[in-house]
Each structure stands twice: as structure tokens, then as C-alpha cells.
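The notes below are in the order I looked things up.

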Amino acid sequence: MMTTTRLNRAAVVEHPHSYRPRTVGGKGRISVRDMDIVFATTNGPHLAVEDASLEIQPGEFVSLLGPSGCGKSTLMNSVAGFVKPARGEVLLDGQAVAKPGPDRGMVFQQHSLFPWKTVKQNVAFGPLMAGVSSREADSVASTFLSLVGLSRYANAYPSTLSGGMQQRVGIARALANYPSVLLMDEPFGALDAQTRSMMQENLLEIWSEFKNTVLFVTHDIDEAVFLSDRIVVMSASPGRIIADIPVRLPRPRTQELLTTAAFMVVKRECLALIREQTLRAFEQQNQAS
Ligand code: ADP
């Protein structure tokens with residue numbers, strides 16, 4: 001059964017530890033400038049992202065929204081350091097991104113936990129790789145598991161947990177390196193609607209505590225509006241940034257927001273843009289088949 005507790009704010013105090021390699025505050029500025037991303041395919045070069053430019057301030061929560069296959073994950077992967085631009089550049093706090101690093105925590109849709117490690121070992125992995133002692137890594141893992149309400153499952157294996165709980169472990173694992181940036185690629189996409197909405201609220205609570213910069217990929221309009229400070233809308237392939245919509249809805253946000261008139265105004269704006277791009281994506285697929 002899925003259990004979702006409120007964020008345990010006392011966790012960090014309950015489990016004091018010395019491992020605090022970096023402060024999150026004030027860091028995590030992302031700059032994407034004039035970026036093209038091209039993949040080599042058997043049919044020749046494939047332009048996945050075209051001329052993307054984007055500035056994200058430290059502590060901002062920005063969603064990338066667009067139809068399936070438009071290049072959202074590819075753009076995010078360039079910030080992660082997994083994909084290199086063919087043109088343009090990606091900077092994190094003014095430094096060119098060359099490879100993945102512990103300053104960027106990643107949360108994927110699923111299958112991102114090590115199945116052969118316990119929940120706690122999964123969360124302790126990052127700090128251990130960063131060179132902290134196993135005692136400290138254990139303490140950090142306890143802190144973050146407590147924060148996401150999963151202390152009781154520390155010694156369980158991921159496969160014995162529900163999808164929502166596994167994602168909470170994934171978030172704890174990403175946070176355990178105190179990243180200035182959280183990169184989240186449809187992290188709740190595989191969850192049922194009820195679990196998903198609870199996870200969204202939990203994520204906002206965690207974010208308000210840590211103030212990481214969040215780049216969140218989704219094709220779900222409600223999710224993007226509910227979570228974000230800004231929504232960056234991408235066109236059908238090749239992915240271009242076609243709109244940057246500020247979401248000036250009050251925080252803290254709870255699910256009641258979804259039925260308000262103010263929410264609907266932003267949602268309608270996104271819906272119109274997405275419908276147009278989804279139609280374009282359909283047409284492209286029809287032409288290709
Ligand atoms: P989205 O996240 O919006 O669903 P993606 O970023 O995953 O879209 O993909 C954008 C486009 O790039 C798609 O056409 C996809 O098939 C292509 N693509 C993604 N990764 C690769 C790759 N490693 N090699 C070749 N093509 C890729």
C-alpha cells in the first residue's frame with residue numbers, strides 16, 4: 001500500500017552530520033545559449049533541439065513542456081552533461097557543462113535505483129562516491145530517508161516498494177549530494193493519479209526547504225502549471241522553445257489550486273500551444289510512415 005507522509009522537516013536536525021560539501025543557496029544558475037543538438041542516426045543526422053536559449057535563476061522551478069519526442073529529455077540531458085551540443089553552450093553558474101557531476105541530481109521516471117542495494121545503500125551511494133566516510137554516508141542517507149518519510153524501509157530492497165515509494169527514494173538519493181540543481185525527467189509519469197498528486201505536493205515541500213534549481217520535464221499540463229514558476233514550451237521536432245510562460249500563482253500550493261480560475265487561465269494558455277504542437281507532431285509521424 002502506498003503511504004505518503006508529510007515532509008519531515010525535523011529530519012535534518014534529528015540526524016546531524018558533518019557532511020555538507022556545498023550550500024545550495026544562491027547556486028544553480030543554468031544558461032543554455034543558441035544550442036543545437038544533433039544525433040547521428042542510420043538515416044543521417046537528426047536535429048533534436050534547434051536554437052534553444054534559456055536562462056534559469058538559482059532556486060527557480062522551471063518545467064519543460066511539449067509533445068512526446070520534441071526534445072525535452074535531450075535538452076535536459078545537455079544540462080546533465082550526458083549530451084553535447086553541436087552548436088551553442090550550456091553553463092552552470094558560469095562554467096561550461098562538460099560532464100555529469102554531483103552538483104546536478106537526476107530523478108528519472110523509473111528503473112533508476114540499484115535493485116541489488118537496499119534503500120539506504122541507494123541513498124548513501126552518492127556521498128560514498130563523493131569520498132565521505134561510510135559512517136557519514138550512512139548518516140546522510142538516514143537524514144534524507146527520514147525527510148521523505150521512508151526511514152522504516154531503510155533495509156528493504158527497491159523491488160519490495162510501491163512505485164511512489166521508489167520515486168521518493170530516488171528523490172532522497174538525488175538530494176543526498178546537496179545538488180544545486182535537480183533534473184527531473186517525468187519522475188511521476190508512471191504513477192497513478194492519486195499518488196502522483198501527493199508526490200507533487202511532497203516535491204514542492206522539499207523544494208521550498210532546499211531551494212534547488214529544478215528543471216522538470218513533463219508532457220502533463222496540470223503538473224507543469226501546479227509545480228512551476230515558469231513553463232518553457234517546446235515545439236514538435238525539431239524542438240525549439242516557442243513560449244516561456246510565467247506562473248504567478250501563490251505558494252505554498254496544494255491540489256485545491258487546480259480548480260481555481262487563476263489556474264485555468266495559465267492552463268488554457270499552455271493547452272492551446274500544446275494542442276498545436278501535438279497536431280504538428282502527428283502530421284510529421286503520418287508523413288514519415
Ligand atoms: P521528449 O523528451 O520530448 O519525448 P527526446 O528528447 O527523448 O524527446 O527525443 C527528441 C528526439 O531525439 C526524438 O526524435 C528522439 O527519437 C531523438 N533521440 C533522442 N535520443 C536519441 C539518441 N541517443 N540517438 C538518436 N536519436 C535520439
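**Ground rules.** This is a predicted model, and local features need pLDDT of at least 70, side-chain atom pairs count only at pLDDT 80 or more, while totals for chains, interfaces and linings use all residues. Residues are numbered from 1 along each chain as its sequence is written, and side-chain values use heavy atoms, with hydrogens and water left out.

**Ligand shell.** I listed what surrounds the ligand: F39, H46, A48, P67, S68, G69, C70, G71, K72, S73 and T74. A residue gets on such a list if one of its heavy atoms lies within 4 Å of the molecule. By class, I get four nonpolar, six polar and one charged residues. In this scheme Ala, Val, Leu, Ile, Met, Phe, Trp, Tyr, Cys and Pro are nonpolar, Asp, Glu, Lys and Arg are charged, and the others, Gly among them, are polar.

A backbone N or O atom of G69 is 2.7 Å from a ligand oxygen, and a backbone N or O atom of C70 is 3.0 Å from a ligand oxygen. S73 uses a polar side-chain atom, 2.8 Å from an oxygen of the ligand. The protein covers 61% of the 570 Å² of accessible area that the ligand has on its own (Shrake-Rupley method, 1.4 Å probe; for residues, only the protein chains shown count as cover). Strand 2 (44-56) and helix 2 (72-80) are the elements giving two or more residues to the shell, and helix 2 gives the most, with three. Helices (H or I, at least four residues) and strands (E, at least two) are DSSP runs numbered from the N terminus.

**Aromatic pairs.** How many aromatic pairs does a search of the whole structure find? I get seven. Rings of Phe, Tyr and Trp (its six-membered ring) pair if their centres lie within 6.5 Å; planes under 30 degrees apart are stacked, over 60 edge-to-face, and the rest tilted. F114 and F125 are edge-to-face, at 4.8 Å centre to centre and 70° between the planes. F114 lies in the loop between strand 6 (104-107) and helix 3 (119-129) and F125 in helix 3, so the pair ties together parts 11 residues apart in sequence. F114 is partly exposed at 22% relative accessible area, and F125 is partly exposed at 26% (buried is under 20%, exposed over 50%, partly exposed in between; 1.4 Å probe, protein chains only).

F144 and Y178 have ring centres 5.4 Å apart and planes at 70°, so I logged that pair as edge-to-face. It links helix 4 (residues 134-147), where F144 sits, to Y178 in the loop between helix 5 (163-175) and strand 7 (181-185), 34 residues apart. F144 is buried at 0%, and Y178 is buried at 4%. Ring pairs also link F61, F188, W207 and F216 into a cluster.

**Charges over rings.** The test here is NZ of Lys or CZ of Arg within 6 Å of the ring centre and within 35 degrees of the ring normal. R173 lies over the face of F114, 5.3 Å from the ring centre. K211 lies over the face of W207, 4.2 Å from the ring centre.

**Two single residues.** E201 is in helix 6 (residues 193-210) and is buried at 15% relative accessible area. Its side chain reaches the backbone nitrogen of Q255 at 2.9 Å. I found V119 in helix 3, buried at 0%.

Terms used: A polar contact is a pair of N or O atoms within 3.5 Å; within protein, one must be able to donate a hydrogen and the other to accept it, and residues adjacent in sequence count only if both atoms are side-chain atoms.
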